[in-house]
Amino acid sequence: MEGVIPKTLNEALSLMASKNYIPVAGGTDLMVRYKRWKNLTPSFPAAPLFIANLPELRGIYREDDELIIKAATPLSDIEGHSDIPVVLKEAVRLMASPGIRNIGTIGGNVGNASPAGDTLPPLYVLDANVVLLSEKGKRTLRIYEFIKGPGKNDRREDEIIYEIRFKVPEYTHYFYRKVGTRKANALSKLSFAGIAKVENGIIEDFRISLGAVAPFPVRVIEIERKVVGKKTEEIDGQFIDSIKKDYEPYIRPIDDQRSTAYYRKKTSLRLIESFLRAL
Amino acid sequence: MRDISKPVRRFDASEKIAGVARFVDDHYEEGMLYGKIVRSERVRAKIKAIKIPELPEGYHVISAKDIPGKNRIKMIFDDWPFLAEDVVNYFGEPILLVVGPEREKVYEISESIEIEYEDIPAILSVEEALLNKKPPIYGENNLFADYFFEKGDVENAFSEADEVIEEEFKTGFQEHIYLEPQGMIAKYNNGRIEVFGSMQCPFYVKNALIEEFDTKPDKIRVVQTTTGGGFGGKEEYPSQIAGIAALGAYKTGKTVKLVYDRAEDVEFTTKRHPSHIRIKGAVKNGKVIGIEVEIILNAGSYAGLSSVVLQRGMFAATGAYSIPNVRVIGKAVATNIVPMGAFRGFGAPQSIFAIETFMNHVAKRLGRDPVEFKLSHRYRKGDTTATGGLLRNEVRLPEIVNRVLSMSDYYSKKKEKKEGKKLYGIGFSMFLHGCGFTGNGEEILKSIARLKKRKDNKVEILISNVDMGQGPQTTLRKVVAEVLGIPYEDVIYENPDTDRVPDSGPTVASRTAMIVGGLLYRAAKELKEKWVDGEEIVVEKQYRHPEYIKWDQEKFKGDAYPEYSWGANVIEVEVDPITYEIDVKKAYAVFDLGTPLDRKIIEGQIHGGMLQGIGYATLEVMEQKDGRFMQRTITDYIVPTALDAPLFETDLVSQPYEHGPFGAKCAGELTFVGAAPAVCAAVEDALQIDLYEIPIRPEKLLTIMEKKNESEV
Amino acid sequence: MKVRFKLNGEEVEVEANPASRLLDVLREKFGLIGVKEGCGEGECGACAVLLDGRVVHSCLVPFANVMGKEIITIEGLRKTEEYRIIEESLLDAGSVQCGFCTPGFVISIYALLKNNPNPEDKEIREAISGNLCRCTGYQMIIDGVKLAAKRGEKLWKA
Ligand SMILES: Cc1cc2nc3c(=O)[nH]c(=O)nc-3n(C[C@H](O)[C@H](O)[C@H](O)COP(=O)(O)OP(=O)(O)OC[C@H]3O[C@@H](n4cnc5c(N)ncnc54)[C@H](O)[C@@H]3O)c2cc1C
Ligand code: FES
Ligand code: FES
C-alpha cells in the first residue's frame, strides 16, 4: 500500500476523510512495529500518510495561559524549550536517545498509547488536553479520556492529533522518575510523575501519575483530594500508608520481559511514599 | 629497538572510521540471491510434513535432503545438523533455506511454507533434564559431558573441618551482541565452494564444509570478511550459517547471501551457558582446606563445544586459590533451547563468579577481611593447580592486589562509606585465566604460522587468525616488524583466505597473541637469519608444547594450560534505596598479562571485557519461558550504553612468559572474568546482604531487602 | 514515488517506496555502505546519519520524511576538515576496535561538537547514548571526543 506525502494540513485532512490512512509522524514506533525482516520495507496494514513535515503540525506556542505543543513537534524541541514544565522536560530528556528524540514526536507518543509511553504520566499530571482535527472540525479531549488502553485511543479514523495543550500549573515540588531497563534507550519498567504546591505548610495542589503499571497511566483524583488541604506535618507514616493502600487497587502491573508485576507495584508505592515524604 | 608496548595507530582503524571497510553485508554482486532460513516453530517435535507453495522461477527451497555429505556440523560431537531432518530440538532451529533474487519474494515464500509437527515432550530446564522422565535429548541421560577430578583427600578434609560451608550459585544466559550480525556469502563455481563471511575460525568452517559436501579440502575456500565483533559468538556458530549458505549456492549455482536480521541473531544463535554451581568448603583454622565444586551447565539442544566449556569451567573451579584437597564434578546438560556456545571466558566466568563470591561469604562468616582472606589462599610459584599442574612462573598477585587497592583507595572507601542519597558499596575480586587451549588442545592442533618475504622486501603474515576488533592486525604486525627490525608498514596481514594461509588454529581462547604470535616471533627470527634483499623467502613454524608440560586428558591431571594470566578488580557501585537500581560508578583493574604488545589495545580489551562482565552481572537479563527466550530482540536484551558504563582506571604488572612473543600472555578473556564477582561484592557491601546469583536484578534485590527488613524489625 | 532531497551536498531524486527505510535507500540505491545496519530497531546507532544537521537513526526514518531535506552520511562527512580531526583523534585515542559501530559514532560526535564545542564527560555520554559499542567500554571513544574537541577548537566554534 503506497503511502502519501500531503503538502498541506488541509490535503492531509481531506485524504484522512477519504479513506483509512495510518498517520506517520517520526515513524519511530511504526517503523519498528511493522518491520518484518532485514532490508524489507515495513508493511503497513493501511496506506501510510506522512505528516511529520507539515509546518502546521510543528512548534511550541503560548496562547493566553496555555501552552500548546503541535503534534509533530520532535521530542528534542520539547526538551530544549524553556516554557516546558520540568516534569515533562525530564520525562522527554530520559526518553530513548538523542537520535530518536530528534524525529520521534509527542503526537506519536500520545497516539501510540503505550502503557510505557513516557510523556503520558507528565501529561496526565498537567491535565493536558489532546486536540483532534478533521475536516469536520476540532475535538478537544482530556488526555485521560483520549487514552483508552494499550495501543488504543479515542481518535476517529478521519482525525489527526493536532496539538497537545495544557495550563502550566504553579507548583513548588516536582518529582519525575523513570525506572528503565538501563540509563539510555530504555523502555520503562515503570515511571512516576508528580507535582505539588505547598504554601505556608499547606498542600494546595497534589497530582501524581504512574506509567507502565496498568493498561493506561494511573491518575486518581479522589486520592489526590485526600492529600490536598493537608498540612505537611500531617503527612506522617500512618497517613502515607493509608494513601498507599488507596493506590494499591489502581496499580495493576504485569510480568513481562522487562520486569515483574511485584517489583512494579512495590516500587510504585515506594515512589509515592518518597514523593509524599519530600513535601 | 622500539618499545613493543608503545601504542601505535591501529592499521585497520582508518578505513573502519571512514565506513569503507567491507563487512559481509557490504558485499554485493549482480545476480546474487538472498537467503532466508525457515525455522522451527516448536520447541521439540517430529516434522511430519512440509508443504511448499508453488515456487516462481528463480526461487528455491533447500532442505537437509540436499546435503551431499554428512548433515552434521563438524565439532567435538556429531549431533548438530546444518538443517533439521525429521526432528527439531529447539524453537528456531533451521529447517529450510529459501533463496531467490528478490528479498520480498523470499520472505513471502518463507512465510507461506507450512510445516506440520508432532510435538515431543520438551525438556525445558536442567532440573527436568536431570530427572530424566521425558525421552532424553542426548544419549540415555541428557548429559553431553559428565566429568570428575580430584586432588588430595577431600573426604578427610571435610571430616577434619571446624566448619563446612555449602552454598549454591546461579548464572544466567548471556548474548554476545557483537555489533555486526552474523552473515555469510557463498559461491559455487566449477565444483568449488567458496564462502566469505564474518567469523573467528576459517578452518572450522572449512572443515565443516568438507564433511557437509563430502569433498576434498581443495574444493573448499573460506575467506574472512572484516568482522564486527565476535566474543566467541563467531567461533563455532558461523559453520552452520556457512553450511546453509553454501548449500544454497551448491543447489543453484549462484552466489547466495545469508545475513541475519538482529532479531534472528538475538533469539537463535548461541549464548553463554547458564550455570548452577554448588560449592562445599571445609574450613579449618581460618583456612579453606578442602573444597567440592559441582558445576552444572545448561548446554542447550546440541553438544557443540559444551564439553570443553565445561572443562575450562572445572579447571577454574578453585579460582586463584591454592586449596590442598579438591573435588570437581561437572555436567553439561541437554535441554530444548538453542545450543549454548563459546563466549569470552568459555566456562571460567561462571566458576570465577561462584568461587569469588563463596570466598567473600566465608571471609564474612569468619569475620575476616575478604581481601586479606583471599590473599592468604592465593597461588604462589611452585604451587600445584586444582588439576595438579605446576605454577612455574612468578605469581605476582600481592603486587597486583596492592596496586588495585591503592589505586581505588579501597580500604578508606570501604570504611568511611560515602553518604548520599544512594547506598554506596565497593567490591573486590582476584582471579586467573588459563592461556590458550585447554589441556592438550594445542598439542592436537599443531598450528602452523607462515611468513612470506616478498621480492619487494615486504613481509606477509600468513595465518588463519582473524581480527574481529581485538587487534591482531596491529599487534602481530608489530611482533614481526620488531623482530625483523623493519617498519610496521612493511608487514602485510590480510584477512585470512584458506587458499592462502596455513591452519594456525581458531581465533579463540586468547591464544592468538601468545600462541600464534609466538610462532610468528620464531618464524621472524628465522627469517631474519635467512634474509636476502630482493628474494622471496618463506618460513613456517609449527607449534610444539613446551617439553615440560604434562597432561592426561583422561584423568584431567597435570598442566591444564601452558601459562596463566592474573588480575584483580575493584568496583564501586551506588544502589538506589527506593528502586534498587544499580549504578556502577568506577571500575579499577590491574592485570598481569605478560608483556602488552600494545598498551592501548590492551586497555581497550580491559574496558570492553570489563563492561561486558558488568553487563553480565547486572543488566543482561535473558530468561526462558516455555522453551523460548522472553528477550528476543535487541530492544529487550539490554547491554550497557555509554551512560551505564563506569569510569575505568587500569594498570599492568608484567610477568613475561618465555614462549610468548616478547613475553606476552593471554589477555582477551581475562578482562571479562573478574568484573561480575566484583560487582556482586560491591552490591553486597552496599546493601549488607549475601547474593548468590547473576544477573543481579533490582527485582531480586527488592525481595531480598524486604526479607531482610522484616527479619530486622 | 520519486523523492528529491539533498544527499552529501548534491541534489538527488530517487524512486522508492515512501515507507521504505532511509537506511536501505542509502545503502542500496546509493551504495553508501558506511551506513551500517546493526539492529534495524533504533537501538544501536550504527545506521546514524545527519538529517538537516541532526542525528537520526536511518533504520527508523521512512524515506518519505526526507523529502526536501538534507542528508549527510559518513561518506559526505569524510570530505570535511571536521571529519579529519575526528578521525585523527579516534586513531590516537584507540577508540576503534571492530569498527562496526564507528561510522555511527562519528556522526554523533560531529553533531555534538558542532553544538557543544567543549562538552563535559556527562554530555559526551548523553550524546553517544544512542550508539552501542560492544567492544570498547566507551571510555576510549570518549577520550577520542575530548581530543577532537581540543584539536578542532576553532573549527567547532566556527
Ligand atoms: C530505540 C527506541 C527507544 C524508544 N524509547 C522510548 C522511551 O524511552 N519512551 C517512550 O515513551 N517511547 C520510546 N520509544 C517509542 C517512540 O520513539 C515514541 O513513542 C515516539 O514519541 C513516537 O513518536 P513518532 O512520531 O516517531 O511516532 P510514529 O511511529 O510516527 O507514530 C506512533 C503512533 O502514533 C500515531 N500518530 C503519530 N502522529 C500522529 C498524529 N499527528 N495524529 C494521529 N496519529 C498520530 C501513529 O499512527 C502511530 O500509531 C522508543 C522507540 C525506539 C525505536
Ligand atoms: S540499525 Fe538503526 S539503530 Fe541499529
Ligand atoms: S568497536 Fe566493536 S562495537 Fe564498537
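Predicted model: local features only at pLDDT ≥ 70, side-chain atom pairs only at ≥ 80, totals over all residues.
## Basis

Local features need pLDDT of at least 70 and side-chain atom pairs pLDDT 80 or more, whereas totals for chains, interfaces and linings use all residues. Residues are numbered from 1 along each chain as its sequence is written, chains are lettered from A and ligands numbered from 1 in the order written, and side-chain values use heavy atoms, without hydrogens and water.

## Interface of chains B and C

In chain B, 54 residues are in contact with 43 residues of chain C (heavy atoms within 4.5 Å). The buried area is about 4100 Å², with 56% from carbon and sulfur atoms; the term denotes the accessible area (1.4 Å probe) that two parts lose on being put together, summed over both. B:R9, B:I17 and B:L179 supply 20% of the area that chain B buries against chain C, more than any other three residues.

Seven salt bridges cross the interface (a side-chain nitrogen of Lys or Arg within 4 Å of a carboxyl oxygen of Asp or Glu). One of them joins B:R103 and C:E28, at 2.9 Å from N to O.

## Strand β12 of chain B

Strand β12 covers residues 256-259 (strands are DSSP runs of E, at least two residues, numbered from the N terminus). B:V256 and B:L258 point one way, B:K257 and B:V259 the other, and all are buried (under 20% relative accessible area, 1.4 Å probe, protein chains only).

Strands pair if DSSP finds at least two bridges between them. Strand β1 (residues 33-39) runs parallel to β12(B), with two bridges, and B:L33 stands opposite B:V256. Strand β9 (residues 183-189) runs antiparallel to β12(B), with four bridges; there B:I185 is the bridge partner of B:K257.

Conventions
Buried < 20%, exposed > 50% of the residue type's maximum accessible area, 1.4 Å probe, protein only.
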